[in-house]
Amino acid sequence: MKKVGIIGVGEYLPEKVLSNADLEKMVDTSDEWITTRTGIKERRLVSKHEAVSDLSIKAAKAALRDAKVKAQELDLIIVASITPDFQFPSVACLLQNALGAKGAAAFDISAACAGFVYAIIIAQQFIARGNYKNVLVVGAEVLSSITDWQDRNTCVLFGDGAAAAVLSEVKSGGILSTYMGCDGSASELLMVPGGGSRNPTSHKTIDNRMHYIKMRGNELFKIAVRSMQEAGEKALSLCGLSAKDVDCFIPHQANVRILTAVASRLGIAQEKIYFNIQKYGNMSSASLATALCGAVKEKRIKKGDIVLLDAFGAGLVWGACVIKW
Ligand code: COA
């Protein structure tokens, strides 16, 4: 088995900023409520004609530049997204064409907020076995397209963005262990009920606002904390490390209170948590991706550091990955 590492990262956040003050004018909420309950101050939104592939292309180009890998050298592209441009073709195929990555196979995965860590784990398999050399992994979302802007329970939480990572064989360090979990029995806690084959789009699904995110946030909160704790513990123990060894903890950015609770249950010092939720909100698969990119760019991670990626989302699914940088 070959050692696999992340050799480049890049991100793209749309320019438009929606602040808590802006939301106060749209629904019955307050900056105080949003800040204290979630930690979010603002989030980014796409412009009218921007879709997930547009964000993905910019993030992917930045990651390829950072990795010094040409698009033609990619063997595989995996995009994690729950808001693809179309039901089909996949975003990964649109990206393959836009990048000119003629030699690359391409597919999307659907693992919601855990999508980026799931995609990294999938990419690792191909490289470790020697099937592929360079794999591009993208986490990209336009959650504003499935957000009900009349529902204060959800619309204050989400944002749009994308980030990408290039994975390749490395001589030392790299991914030390991975873990993935799932509990499909609680899938109704977080879903978009309309627009699929269960409830195809109709006047009725639109009138009932079934094409928007429905979330039972309060019930999810405890499960999120428990699942992310489990994922972090399992991934660390699989490579013989403990929380004390972690230099940078990069979790999915669902809620500041969830992240601080997970870190304290794992025994990771609060200052080791990387946050970007205050400026971007929850961007599902793009949250972990942009958080990793931000931590690298802000030099919160240096060579030799132990990094713990940990995510949880709709499905329910969760996963973690320990990387020696
Ligand atoms: N502004 C003001 N009040 C709001 C509000 C808003 N934007 N949204 C909800 N409220 C109100 C509720 O109506 C409720 O009022 P009530 O007590 O009169 O009924 C009150 O605030 C408390 O609501 P609750 O849902 O219990 O709040 P909470 O502390 O659980 O915070 C979340 C809500 C969504 C922020 C939180 O539950 C959460 O982050 N959940 C987990 C999300 C998650 O993990 N998702 C999966 C991964 S992406």
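**Close-up views of a predicted model**

**View 1. Cys293 and its closest cysteine sulfur.** The closest cysteine sulfur to that of Cys293 belongs to Cys248 and lies 13 Å away, too far for a bond. A disulfide is taken as a pair of cysteine sulfur atoms within 2.5 Å. Cys293 is buried, at 1% relative accessible area; buried stands for under 20% relative accessible area, exposed for over 50% and partly exposed for values in between, with a 1.4 Å probe and protein chains only. The model is predicted, so local features need pLDDT of at least 70 and side-chain atom pairs count only at pLDDT 80 or more, while totals for chains, interfaces and linings use all residues. Residues are numbered from 1 along each chain as its sequence is written, and side-chain values use heavy atoms, with hydrogens and water left out.

**View 2. Cys321 and Cys239.** The sulfur of Cys321 has its closest cysteine sulfur in Cys239, at 9.3 Å, which is too far for a bond. Cys321 is buried, with a relative accessible area of 0%. Under the disulfide rule the count is 0.

**View 3. The open sheet.** Five strands, in the order β1-β7-β6-β4-β5, form an open sheet with mixed pairing. The edges are β1 (4–12) and β5 (105–109); each has a single partner strand, so one side of each is left without a neighbour in the sheet. From one strand to the next the twist averages 20 degrees. Strands (E, at least two residues) and helices (H or I, at least four) are DSSP runs numbered from the N terminus, and two strands pair if DSSP finds at least two bridges between them.

**View 4. The pairing of β1 with β7.** β1 and β7 (residues 160–169) run antiparallel and are joined by 8 bridges. Within this pair, Val9 stands opposite Ala165 in β7.

**View 5. Helices across the sheet.** Helix α3 lies across β1, β6 (135–142) and β7, at about 130 degrees to β1. Helix α11 (residues 285–297) lies across β1, β4 (76–80), β6 and β7, at about 100 degrees to β1. Axes are lines fitted to C-alpha atoms, for helices over the stretch in contact, and angles run from 0 to 180 degrees between N-to-C directions.

**View 6. Ser53 in helix α3.** Ser53 is placed in α3 (residues 52–67) and counts as buried at 7% relative accessibility. Apart from neighbours within four places in sequence, Ser53 is in contact with Asp85, Val91 and Leu94, where contact means heavy atoms within 4.5 Å. Thr38 is 15 residues from Ser53 along the chain, and their C-alpha atoms are separated by 28 Å.
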